[in-house]
Amino acid sequence: MENIENKIKTAPKDFFVFIGAMVALYASAVSLLNLLFEIINASFPDALNFSYDNFSSGMRWSIASLIIVFPLYIFLSRFINKDLVGNPLKKNLGVRKWLTYLTLFIAGVTIITDLIILINTFLGGEITARFAFKVLAVLVVAGAAFSYYLYDLRRDVGQKSGKMKLLVWAVSFGVLASIIGGFFIMGSPFTLRMKRFDERRVNDLQNIQYQVVNFYQRKGILPNNLDELKDPIAGFNIPLDPDPAPFDGYNPGVYGYEKISDLPTGQASLSFKICANFGLESDTLIDSKSMTRPVPVRSEFSLLSENWQHKKGLVCFDRKIDKDLYPILKTPKI
């Protein structure tokens, strides 16, 4: 029997099927861990993390990868198992053994490294719930892969295994639950599209605000309307609403602007308001727990202390220009 097994050669089909299954496994594991990390980051925000992705691009990518790659891995694994049942001698194929032991090695090293990091952090007194859950996620994912392939090496490929099915169902349920959790945090594609529109509106209003302040510093007065801000030489055109909808008081697609006061030099301040029609409330767009905020277009004028939170629908932001903070620029005499 041993001489017959030694004569088994790896066919091109076997090679690419085994390689494809392992690539799908690694891609699924990495995507699952990235998704779990994003869920943990959103559930346990870090006050020092100011670069959190409002629209969870990493979460979207992980979900998309899992939806495509994980079913592919399940399909290839079932195909391999059925092939092994019909041809038990293929369990000794070199490519299968090499890839299986490589997976066991990677999973084992990952588990050991994960535990070392956990103990080292615990001894340093720096462990947090956010860190602990990430360590647990790595331990569970790597442990599941290690357990599956260790059992796969030892089992009789000619017999059906209830333990194998149970592990497969448990992993599939965990992946599905993670995807659902990602959608729960991230929101539906329709909600995400509305969030992106609202984030664009906030950025446009910040840009308009900077241009109004710049206009005042150059001319000493506020513009009467947004058209006065156009500057063909500098290339500035008035931004338009990316998803215009009609609302009372302003033309659809055009941001609202109104000059409240135009005080002479020496008075306290200059006031104006800028308006936009938002699709969502800011509690949905800007999560205070995750410390997210729109990125200012011009940091010198769009201060982090400014309040851009809003309700759904038409919202106007009152702004005042302090002449001491933003003095009128003196033009050189020619």
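**Exercise 1. Find how many aromatic pairs a search of the whole structure gives, then classify the pair of F15 and F16.**

Solution. The search of this predicted model turns up 5 aromatic pairs. Now take F15 and F16: their ring centres are 5.2 Å apart, and their planes meet at 85°. Planes over 60 degrees apart count as edge-to-face, so with its 85° this pair is edge-to-face. As for cover, F15 has a relative accessible area of 37% and is partly exposed. F16, at 59%, is exposed.

**Exercise 2. Work out what kind of pair Y257 and F272 form, and which strands hold these residues.**

Solution. Start with the geometry: the centres of the two rings are 6.1 Å apart, with 40° between the planes, and the pair is tilted. Next, place the residues. Y257 belongs to strand β1 (residues 256-261), while F272 belongs to strand β2 (residues 269-278). The pair therefore ties together parts that are 15 residues apart in sequence. Last, check the exposure. Buried means under 20% relative accessible area, so Y257 counts as buried at 11%. F272 is buried too, with a value of 1%.

**Exercise 3. Name the residues that ring pairs link into a cluster.**

Solution. Look for F278, W308 and F317: ring pairs join them into a cluster.

**Exercise 4. Describe helix α5, from its span to its buried residues and what they pack against.**

Solution. Helix α5 covers residues 129-154. With 26 residues, α5 reaches 37 Å from its first C-alpha to its last, close to the 38 Å expected at 1.5 Å a residue. Its buried residues include R130, V138, Y149 and D152. The buried residues of α5 pack against four helices: α2 (12-43), α3 (57-86), α4 (94-123) and α6 (162-186).

**Exercise 5. Locate P244 and find how far P244 is from V254 in sequence and in space.**

Solution. P244 sits in the loop between α7 (189-219) and β1. P244 is partly exposed, at 47% relative accessible area. Along the sequence, P244 and V254 are 10 residues apart; in space, their C-alpha atoms are 7.7 Å apart.

Definitions and conventions:
Residues are numbered from 1 along each chain as its sequence is written. This is a predicted model: local features need pLDDT of at least 70, side-chain atom pairs count only at pLDDT 80 or more; totals for chains, interfaces and linings use all residues. Side-chain values use heavy atoms; hydrogens and water are left out. Helices (H or I, at least four residues) and strands (E, at least two) are DSSP runs, numbered from the N terminus. The expected span of a helix is 1.5 Å times one less than its number of residues. Buried means under 20% relative accessible area, exposed over 50%, partly exposed in between (1.4 Å probe, protein chains only). Contact means heavy atoms within 4.5 Å. Rings of Phe, Tyr and Trp (its six-membered ring) pair if their centres lie within 6.5 Å; planes under 30 degrees apart count as stacked, over 60 as edge-to-face and the rest as tilted.
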